[in-house]
Amino acid sequence: MGGKYLIGLDNGGTVVKAGLYDTAGNAAAFASAEVNTLLGREGAVERDMDELWHMNAHAIRKLLEKTGIDPKDILSLAVSGHGNGIYLVGESGRPVRNGIYSSDTRAKDTVRRYVKEGIYDKIQPRTLQNLYAGQTAVLLAYLAAHEPETLNKAKWAFTCTDYIRFCLTGEAHGELTNMSVISAMDQYARQYDEEVFAALGIREYMRLMPPIRQSCEICGCVTKMAALETGLAEGTPVAGGLFDGTACAIAAGITDSKKLCVVAGTWSINEFIRKTPVVSRDLFLTSVYCIDGYYMITEGSMTSASNLEWFIRRFLNEEKRQMKEQGKSIYDAANLMVASVQPGDSSIVFLPFLYGTNVNPDAKACFLGVSGWHDKAHILRAIYEGVVFSHFAHAERLYAFRDAPPESVRIAGGVTNSGVWVQMFADMFQLPVEVSAVGELGTLGAAMCAGVAAGAYGSLAEASEACAKKAYTCSPDPSKKETYRKKYSLYKKILNALEPVWGDWRQF
């Protein structure tokens, strides 16, 4: 295997992925490693930071061993990671506590206080995003109130992307697209905002924020220690990288405002780009995009394909065993069960809120409309549909900020492995759904940054044109439109009806 290569790392919900690409965007190999999620009371979702780094290093080493390439043939690498959360490192470069993942909800009362006291209204015109419990700025405030000794030990407050890059290079930087989603930056000036920190009551902790760098800047080189752990060559350049939502969008080919990008994985991510920012309380967030002059307009929540993973893990163990004996996947079985039920055959509605939602901080997942004759196939269809409805609800909010409806939907993430699920998206949106041919958008987006940094591409837009590929287009079935719209209307009515009830769960 000759030539020069790029590596992209992607740190998602539970798995670290490493991808090796040539400069035409062709994938040579992938490797992965699982990271344990540490769940606690009051909505705590954490990670052992040492384990997280070791799994990244392990994935890189596996990748190099699998391909047998000379590490000196790696032009550059970069990291994509989940946005927000917080990873605190001390003066010695060692973690001072577990990392906190972005789905952590223990700080939801902090968010309520900011809203009640008018602090959110004060900062939102600068930050351009809603506050939620897993954001870096909110978590800083929570830790300041509950773990001040931890913050006193800290030197840096990193996002996941910045922490892994720090482990590779020993240099502390805050990549721009990641920093633009933490509710602590002036989106116009593209710098941390002291007045925002002061309004949130965390001005003294601005000292923890690393200097901001661009996605495609070289932000250090692989150290001797990191080279020993990863198998990379010491001195290999490391680029800034990307917030994973941005990485997925650029790798999916989102270079103008014509398409809507849907990423259906752990999170329900729905986004498009435009040249002017949006200032609205009705929008989840506006962030800086990785193409100069564009902002990314995003609606999202933790309401996507992870709901299916839960159901499989808890209720389909026997089916999983049977499929394994046949050399098949449990997902094939799930798709067959869902396909056996037509959209009009069952009125079960599933609210996909197992891991939280932006509908209401206290909202819970539930099935409504279940009858005694329903079976697992009906429940599975409701899960698939509930995830689609959640995505569509986000898309509806995005439409209000578009100059024209999208021409198509570019979809990526775990649901693209299910033709049944992709067809549901097409039938609900009533738009052509273009399925990305790229299996691992996060790793490709990061590798594209590495390529620009190394001079293989002139810009990320150029890299996207070269690397973003479409597998196929799924056309909507007009005959399904009315059925899905009726179900979606019921979904929204249920949400409105339950709004006064969600808070009652807080007593348990």
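**Basis.** I worked on a predicted model, in which local features need pLDDT of at least 70, side-chain atom pairs count only at pLDDT 80 or more, and totals for chains, interfaces and linings use all residues. Residues are numbered from 1 along each chain as its sequence is written, and side-chain values use heavy atoms, with hydrogens and water left out.

**Helix α6.** I took helices (H or I, at least four residues) and strands (E, at least two) as DSSP runs, numbered from the N terminus. I looked up burial in α6, where buried means under 20% relative accessible area with a 1.4 Å probe and protein chains only. In α6, 10 of the 10 residues are buried, so this helix is largely enclosed by the rest of the structure. Among them are Y163, C167 and L168. Just after α6, I found G170 with a positive phi of about 75°.

**Cores.** I counted a nonpolar core as a set of buried Ala, Val, Leu, Ile, Met, Phe, Trp, Tyr and Cys residues joined through side-chain atoms within 4.5 Å. The largest has 81 residues, and L77, Y163, L168, L232 and Y289 have the most contacts inside it. A second, separate core of 61 residues includes V415, M428, V433 and L498. I then looked up contacts (heavy atoms within 4.5 Å). Leaving out residues up to four places away in sequence, L77 touches residues including I7, I60, L168, L232 and A450.

**Strand β18.** Is β18 buried or exposed? Seven of the seven residues of β18 (residues 268–274) are buried, so the strand is largely enclosed by the rest of the structure. S268, N270, F272 and R274 point one way, while I269, E271 and I273 point the other way. I counted two strands as paired if DSSP finds at least two bridges between them. β17 (residues 259–264) runs antiparallel to β18 and is joined to it by four bridges; the two form a hairpin with three residues between them. β20 (residues 295–301) is also antiparallel to β18, with seven bridges.

**Open sheet.** I found three strands in an open sheet in the order β4-β5-β8, with antiparallel pairing. β4 (38–39) and β8 (99–100) stand at the edges with a single partner strand each, so one side of each is left without a neighbour in the sheet. Two bridges join β5 (residues 45–47) to β8, and E46 stands opposite I100 in β8.

How values were computed. Buried < 20%, exposed > 50% of the residue type's maximum accessible area, 1.4 Å probe, protein only.
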